[in-house]
Structures are given as C-alpha cells and as structure tokens.
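Reader: I've got a protein complex open on my screen and I'd like to talk it through. Can you take me around it?

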Amino acid sequence: MAKPKMNGTQAVRGTNRCKRGTRRVAVAVAGALALLGASAFAANPDADQATRIYNRIAGVPPPNSTVLSNMTATDPVSAALIATNDPAFYNNTIRNLAAPWTNRAQSVFVPLNDYTATVVGMVRDNVPFNTLLSADLVYIADSASGAPAYSPANNNMYVFLDQNNVDLSKHLVSSTQSAVTGIPAAATAGVWTTRGGASAFFVNGTNRAQFRFTMLNHLCNDMQLVMDITRPPDRIRQDVTRSPGGVSTLFLTNCIGCHSGMDPMAQAFAYYNFSYNAVTDPMDTNGSGQLVYTAGQVQPKYHINNTNFPQGFNTLDDSWSNRWRTGPNEILGWSATGGSGNGAKSLGVELESSAAFASCQVTRVFKDVCLRAPNTTADSAQITSMIASFQAHNYSLRQPFAEAAAYCMGPL
Amino acid sequence: MNITRITGLLALAAGLGLSACSGGGAPTTATAATAPTSQVDAYTGPAPATADVQAFDINFWTNIRGQNRCGQCHNSTTPAQMPNFARSDDVNLAYAQANTVVNLAQPASSLIVTKVSGGHNCWLADPQACGSILTTWISNWANATGAGSATQVQLVAPPIQTVGQSLNFPASYTEYQNTVYTLTSKYCVRCHSTTASAATEQSPYFADPTLAIAYPAAIPKIDFTGCVPFSATTCGTNSRFYQRLLTDNHNCWDNCASDAAQMLVQIQAFAQSLTPSSIDPSLVVSKALTLANGTVASGANRYDADTIAKYEFQTGSGYTAYDTSGVDPSADLTISGSVLWAGGWGVQIGAGGKLQASTSSSAKLFNMIEATGEFSVEAWVAPALVAVDNSYMVSYSGGDTTRNFTLGQTNQNYDFMMRSSNSVLNGTPQLQTPTAATLLQASLQHVVLTYDPVNGRQIYVNGVNANVPDPQKGGTISNWDNTFALVLGNEVSSDRSWQGLIKFVAIHSRALSAAQVLQNYNAGVGERYYMLFNVADVTGVSQAYVMFTVSQYDSYSYLFYQPTFISLDPTVKPNSIPVKGIRIGINGTIPQVGQAYIPLNTTITSAGYTAQGEVLSTVGTVIGLQSGPLTDQFFLTFDQLGSHTNVVVEPTPTPPPFAPGPTVADIGVRTFAEVNATLSQLTGVPTSNTAVNGTYLAVQQQLPADPTLEGFSSSNQIGVAQLAIQYCNAVVNTPSLQPAVFGSTLSAGVFQSPSGVSAVTTALANRVLGTGLQSQPAASTVTSELTTLIGQLCTDNACGSTAGTNAVAAAACATAFGSADMLIK
C-alpha cells in the first residue's frame, strides 16, 4: 500500500514542531533556485554549508568540531572530499547506492555481497569506475575483520561483514576474481562476474537480464528508453516468437525494438551461467550456487524454446555486436573504438566507455547528494561539468560526490 | 529440399499459364457447387496394369470419377471432355490422361489443382477447398508409389518487372468500381456473383454487387504490365478479363472483339487512375516480384495416409471451414462467435468463438477410430494467452463433462483428455506436459496427440515427444460416444473458450509414429514460395537471382528467409561477387522495420557456389504486410552488389534538449542507515549494540528509504521514534555515555529543579543541533519544548526516583534525537 505523503512543510512540522523549520524549507527551496556559478566554489564553506556537505556525503553530521573546522578552512570540493573519509560514506552511502544494482527487485534492503563490496572498494581506492564492467577485480574482507574466507559458492564472508557492522573503509582489500574464483582472467568482467552479479542476473532465464539491468543501472536507460525498431533483427534469438499469438504486429512494433539491440550484445554472456542444485535447492534460497563459465561452449539457456522461430539466430559463440552505434541510440555516445568483440569483458569496455555510462554515474550521484534530479539549466550545466571532471579525474567516483555536494551545499 | 533448374523455363511457365487459364476444359458456364447427386458406379473395366495405376485408382481416380465430380464432364461418354482422366470405362486409359494434369512431385502445383482452385467447377462453394482435397488425393497417390518422397522443386524464372514500373492495386475499390466494374457488374453478374442463381453461380465473384467481395476477386484478373510508362498497345493486354473475351470468346455480350476492346479501355482507365510508385534511382535494385510470381515450395512430404479429417483454413471468407481430407463425409466446420479468417491460411479465434462440425459428420471419426483403436490429433496453433485454464483447442465431445478426446491448454501446458476403459467418461485424469518445461509458447507450434493401447497417450510438441507417462495405458476406447461433435477453439457447450491462431488441424485414424510426427512438423504449414529476384543486369551474371523462401506468416506479415544467390543457367559459375546490405522493398518503399539483412557482408565465390546456389544467410525475418499477398510487390536493394554500390548512411541523431523539471525542496531526510548511524553518533551507542541492532533490523524498512521530503510519511516517523527510544534507553542504561548526552551523569531528582532540567535540555539541544549553525532552529525553542515535556512527564511520574528520572530522561532524549533536527540533512 502506498504511503500517505506529506509535503515538505508538513514533514518538518510533524517532526519537531518547530516553526522555524517551516521557514527553513522555504529558504532552502529559494536557495535551490539560486544559480551557483563556479566562482561560488572558490569561497570556503561556512559551518552550515560544511555541515550540509558532510551530511550529504556521509549521511551523518560532522563527528567533531575539528573536522568541521578543517572543512571550513578549505574550498567546498576539498571539504567534501574530507567527508568521503567517514566510514559511513562507505558503509552507508556507497553501499546503499550499489545495493539496488545487485538484485532484480532493485531493493536496497539486501545483504552485502561481493558486487556491492567491489563498488565500495573501487570508490574508496579511486579505482577508475569505468572498469566496473570489465576489471578482474573483487574486494574481499581482510583477515583482521574476522570474516570467513571468500567462497565463490556462498556469500558468507559478506554476510559476516554486514552482521558485524564491520567498517568497510578499513577492512576491504583488493583482489582478483581470477585468483579467488578460478575463472580465467580473460573471462572476468567486473561486477558482472562477481558472485553477486551472477546470482542475480545469470541465474535461470536467458542471460538477457544481465544486459537489461546493466542498461538500467549503469547507463540509466531502461529498455523502453532505448528500444529502436529500425535495427536489423538478424541476431534476435530463436526463442523470441515473431508472431505472438499469431499477431506479428506485436513483434514488429514492440519486441523487435529491444531484442534487435539487446540480443546481439547479450550474446557476450553466452558462456556464463549461475548454477545451483535444482534438486536440493530449487530456488537457490540457500544461496549455494556459483558462477559457471564454459569457455567455447554456449550455455543451453541460449537454445531454449528454439522452435519458437527456427529461422531466428542460433547462438554458436560469444561474439557480440553493438547495433546501437547507429540510429537513435548513437546519442548514447559510444567510444571511437569497439562496436564488436567476443565475451563479456570487451562488451563491458564497450558499455563503460560510453558517454551514457559516465553521465549515468554522475547524474545518479547528483541525485543522491542533491536529493533531486537535475531540474534547471544550471543543474544541466553542472552535470556536464561534473562529467568532464569525472573523466579528468580518471573516473574516480568520489570526485562527482564532492562536486555535487559543493554545488548543493546551499547559499552562503 | 531439392531444387532443380529449368532451362528456358519462362517459355514453359508461360505455356502452363496459358494452359491453366485458357479454359481448355469444359466451358465454365455453371458451377457444380451442389450436393452430390450420385455415387461412383461399380467399375467393370480392365484391371490396373501396374502398381502405380492401382495407386492412382485407390487414391485418386475413385474419388474424382463420380458424376458429382470430374466424371460429370471428363468422362468417356458425354461430353467426353478432354483430358478424360475421370473416365470410368478403363482405369488404365484414365491413368494415362491423368498424368497430363497431375504433378506427383509437387501435387499442389498440378494443373488440375490450379485449375479447380481457380474456380473451375469446384463441387464445394470454395474452390480453394476443392484444390486442397485434390492435392490430398494426389499426394496420397504419390506417397503410395514413392513419387512424393523425392520431391524436387523446379525453379521457374519469374516475369521481369522493373521496380516502380508497375502499378500497385489500391486498397480502396473506388477505381475498380469506376472502370472495369462498370462492365463486369453489367455483363458478368449473372454468373460471377454470389447473387447469381444456383444453376449459373460461378466463382470468382468479381461481378458481385458487394464490392468488398468483387474487388479482391477481380485483382488476379487484371495485369498492369505495360502501363508504366503507358502504352495503349500493351497496357493491360495480359489481363485475364481481356484475354478471356478476345481469345476464349467467353460469354461475350455483343461482339467478342469489340467487347474485349471495351474491357481493355476500362483496364487502361483503371491503370491511368493510379499513381505509379517510384524509388530512388540511385538504389541498387533487383527486379520486382509478387508472391504469385514465386515457385510454390510446399504441399508435399506430409504423412497423411491415415488422415480422416483435415482443416487447412484456406477459404478465407464465409462461415465454413472445409474438411479437406477427401474422406467422406466431410466434417466441415461451422464458424460461430469471435472467429476471424487469418492471412496465410488459418483462423484467429477470440473469446467465445468456435468452429464446430455436425454430430453426423463427426461420427466418421468415431467409426474410423473405433475400427483401429488408435488415433492422432495434429494441430498447428499459436496460443494468444499463456495464463489460462479450461481452454480447449480441439475437442470431440458432448459438453464440459463428457468427451471422447480433447486437446486443451492450462497455462503453458498442453492437456490431453481421452475417454477409455481406464478413465472417467470426461476423459480424466488428463495427461499434461510438464509445467516446468513450459512447452506451450505463444508462438506457432505443432502439437500432436497420439493414442494406441500399447503406448497410451503421447504428446508431441514441435516434433518432440514430451515423454509423459500415461497411467491410462492399456485401456480400450470402446466406450466412445458417436453422438459427439468435433469442435475447435471451445467446448460444444461454449464454456471452454480458447484464444489464438489455428492454422491446421488433422485427425488421423492411426497413432502417428515419432518419425511421422517429425515428418509432418518438418513439412511445415501454409504455402511457401521461392521468390527469385532477378539481379542479372546488376551482376552481369546470366539468369542470376537472389532467391528467398517466402510465405505469408500471419495476417500482418510475410516471412522471408534463407536468401540464396543462384543462377538458373547451369553453365554459370559466378565468382567474386560482393553482396552487402540487402533490404527488402515492398510496393516501391523500403520498410524501416524487419530489415535483417542490412549487416550482410559476403562474397559469392566459385568455391562456395553449388548447383543449389550459395546461401547468403540462414536467418529469417518478418516484413509487415501492406496491401496483401495478391498485390504486394517486392524487390531488393543492395548496399553493394557486384560493382554497384549505394551505401545507406543513417543521419546522426540529435540529443533531445534538456527539459527543466518542477522545483522541489533541496533538503531532505536521512535514510534508514543514515538515521541509524546518526543516532549512534549522537548517543555514542555503537550500532552493534544488541538491543539497538535488534530494533534497527525490526524497523529498518519502516525508516525512510527515500531522502526526499515528498516521500516522507508518518510511518517513517514512527520508525525513527522507535529507534531513537532504543538508543536513548541504551544511553540511560550506560552511565559512561550520559555526560555527552545529558551534560552529566543522571541522578535521581535531577528534574525536580529548574537548573537540573535546564542542564539536561541544554545538553540535548546542543547535541542534536550542533554548534553555531544558522540552518538549525534556535536552541531555546528546543529546550523550551523539552522543558515542557519533562514537566508534563514528571507530573505523572516519580521523578524523584532513579527509575522515574531515567524514564523521563530517555523520553526527552528520544524526543530531541528523534526529531527533524536530527532527521533533516
């Protein structure tokens, strides 16, 4: 059932009975309308601005006056970067930013896993975020945390970290998937091939989910936003009926729009599956499954229901092709190289190198920090600026957090 | 599929066409669309001379030599119309004549089939149904002698038509009405009309008073060849309307030459009223084709030896779906409710629709199946829904509680109910495909039910046995009821509606073997054509074509697949011909959707080229239907073919401009984990505290998940309060934490003095508000509220006691820390 909503003023009144709070909202809204130029960042933040910056970054107030003083003694972006040192930034802000990416329900209320932890570690260590979908990388708990060893067949390490409120800013260490999971390095593809990513999107089905949720989570374009019925349908698999219920118009006006672009790219996942014991654990509720990679052998899931349209595409390998480099989706901003390849890693590079990927990360950070989507031309300009800065700072995600917090720190 | 070339095929094709259309048989003065008037007389002539003659006798001749069929004219007595393949005096002579009108390798292409399908003296109301029945008989003849098993498709060179130089028939019949119809409606209406008397009624009904009937029937009789550019000497002269008067002297109303001239004038007027389509002259294009210009590729290789009822749904109009099994009596189906004829042969059944045979004609199923004790039900279906139950596709039953057999659907499972000595009279327990397998898909599927006493019931989907064990195995079907009716798309009681497309149904009096099921699955359904797009001019290769296999896929599209480069000149060995970017054009335009061959990039080489041509791609695609299969004209364009190139460059899209959104508050609330962390920071109680963590986990999803003010609700606040109380309880129970929160360690009676109250409220306010922040409320407003609260609580509590003091302190703490002063960020 939908929650009854209050407007901003009601919410403030209801919580502290403070009339000044009402005024504060009005001031804040007015402040949002004020256009902050780049020069505004030149001045050091005052205590109120520094406090807001800290709150927006870490989700908690500055822990002490020393931290606050340090922040007010420097420029807003630098002040915000100070806030990114708070453990809550990793345990709460980044973790809860990434958690919905790791499940189909997009719930934030899910256990920590290696996908989320890897995102946390990448942010903490300023690992270029544009390797998110291709790196041979996974963040695991250090020995000091007391967590059980990493296992590709369960999530116990991360459940321990979760249940014991372990400080992720201190107890995560970088490792490689190829070292801890046994998957060949060439077959690793960032968060896609983490256990968390595989259990959510390589399980059952046809592996299209991995692509669709990547578009949603990391290019900020769900399928209905990128569907393009003018792309060639030659790579649409045999399981997609061209005449649902005897009405091919449905295919020609709907299905083809997504599948013509998605299927040639999701072919990159042809050798992956998330395997679990369907007899003892039919729904994988025990969480005992693990990622399987079969080099050179297409997973059977790519051939299910292949009589739905026998004249459709029969997957024989993991070669992929990006049909959206032309047509309306050219605006996603593809890199100069790429466009086709074999396997998930090169597809990951294709997607994470796009302008849409960078824009998506920055826009999401803006929304997370400023508590609203960009809604003015000034906001739009700020996004453009942040994208350029994100790229200039080697895709360190802390940078857009800092710049967004500075932009939304409120008026002096 | 074997493909052979025909050298000089054009001449042969023209010859066949002339023969098929020239009325070389009996004058088409009256149709025999009446009930049979007599049965076949006993044969007293010489015995069949060979096994093939005997197969001809059993499978074909016996069926057609009756007075109610071909034997009425093509006999040995009167009128002894040649070829007299239906003569009853000598089966061997009849056989010799029959060989001039049948094609055992391609039964559907037999002259007798095309002739009757075209309207020549069909004994049913639908010539197509007669053609199908004849095809069945010829196929049975061919299969009996093995001629059908080595089917070879003979590719026929199509006429050369340049794209854009032929006119397309408009969807509206207005132009026809104003031109040709002025003659046909006047001079042809007494025969070629549904309103003609039974004695003279003759299809096609191009003169029907209802133009929606007349116009589609007239289209095949009009040919616009030579009309663009217009030539008075050639335009329309290939039209059947013109030729029939001029050459055949067919029922002229005055003088045949002048009548033909009048008709030609009207055809040319029709042509000149239309606007020719044009295409970009820079395109690299093939010649153009219609479906009818293709070589028919279907109609053979089915196993139908034991078929006792068959429905191919080729009629396309009316309320009868004919049983084309050729096994009398015909169990024709009467259509009722929400049922539409589907393009490419089939019926689209909506909610409540059904097709039902009479109980008397359905009784042949009972009679023939009881005789064998086994049967099969075969269907090509495309379910429209995948979340249904009590939904029947094919049923031979008497109502929803009594049946002989039923093919039904439960969600994504096929159901098989059958009455036997091991079942109840309603045919249950049903056999069902495994739920987990989800074998039923909302796509065109071939499903076969078989039963025999040894193997019991079996369900095959797309040629594969679902392998569901049958508990009824070993029973008998002697308890079937011969008063039931065959019904499609529903139950006879109309309360088991099924929705979807049915393209084919057959009942067999034997259990098909797995190989026979697979054979029929591989034979496919519907009519397929090999369409040969001429590219000889572009490639410079003699008789070069890009050949597609094409069929009408459903009412809305065509299926194109397996493009193949082939030359009909067997001496040619093409080499080094690049082929890139094929697009399928239709009626002078190139559809944006479904162009599967744009990425094609290959080269024809002598090494890859065989007698069967060189396959360019194995995938298929569907292209949207426009005017319909009678008139849609197709062509191909190429980015590159041989030395000719015209690469299509797509325009660069423009990003949409930024769209400002509504103004919203730029402050918000802490979300669940932030609330927890903030309360931990304010109180000094670690989040791992057992009591606190327990409460947090309990209220976690009640706390705000959305930081916007607009998303904040009262239930969020309740959760915040609960967590704040737990944190403050922990502080009250942990003296070491109290100074940071309350200013000092709590002591009994602290709230009994104003200074004590002030010290606690001031400490709480400073803690939650921070220091020196203009954006927070004034500390005095907080302390004032807390002072009032403490006063009220102490009125009802023993604030002099430790317990009372702690309780009030916890309440004050929770009030301060659970407020918006903490929550807003």
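Predicted model: local features only at pLDDT ≥ 70, side-chain atom pairs only at ≥ 80, totals over all residues.

Reader: How far does helix 16 of chain A reach from its first C-alpha to its last?

Author: Helices here are DSSP runs (H or I, at least four residues), strands are runs of E (at least two), and both are numbered from the N terminus. Helix 16 of chain A covers residues 355-370, which is 16 residues. The expected span is 1.5 Å times one less than the number of residues. That expectation is 22 Å, and the helix comes close to it, reaching 22 Å.

Reader: Which residue follows helix 16 of chain A, and which elements cover the buried residues of that helix?

Author: Buried means under 20% relative accessible area, exposed over 50%, and partly exposed in between (1.4 Å probe, protein chains only). Buried residues of helix 16 of chain A include F357(A), V362(A), R364(A) and F366(A). In terms of contact (heavy atoms within 4.5 Å), the cover includes helix 3, helix 6, helix 12, helix 15, helix 17 and helix 18 of chain A.

Reader: How many disulfides are there over all chains?

Author: A disulfide is a covalent bond between the sulfur atoms of two cysteines. The rule used here is a pair of cysteine sulfur atoms within 2.5 Å. Counting bonded cysteines along chain A gives the pattern 1-2, 3-4, while chain B pairs as 1-2, 3-4, 5-6, 7-10, 8-9. Searching the whole structure finds seven.

Reader: What is the handedness of the link between C122(B) and C130(B)?

Author: The sulfur atoms of C122(B) and C130(B) lie 1.8 Å apart. C122(B) is buried at 2% relative accessible area, and C130(B) is buried at 0%. The angle about their S-S bond is 75°, making the link right-handed.

Reader: How much area do chain B and chain A bury between them?

Author: The size of an interface is often given as the accessible area lost when the parts come together. Here that is the area lost with a 1.4 Å probe, summed over both parts. The contact takes 88 residues from chain B and 76 residues from chain A. Of the buried area, 57% is on carbon and sulfur atoms, and the total is about 6600 Å².

Reader: Which residue of chain B forms a salt bridge with R52(A)?

Author: A salt bridge puts a side-chain nitrogen of Lys or Arg within 4 Å of a carboxyl oxygen of Asp or Glu. Chain B and chain A have two of them between them. In the one formed by R52(A), the closest N and O atoms are 3.2 Å apart, and the partner is D666(B).

Key. Residues numbered from 1 in each chain as written. Chains lettered and ligands numbered in written order. Heavy atoms only, no water. Buried area = accessible area lost by both parts, 1.4 Å probe.
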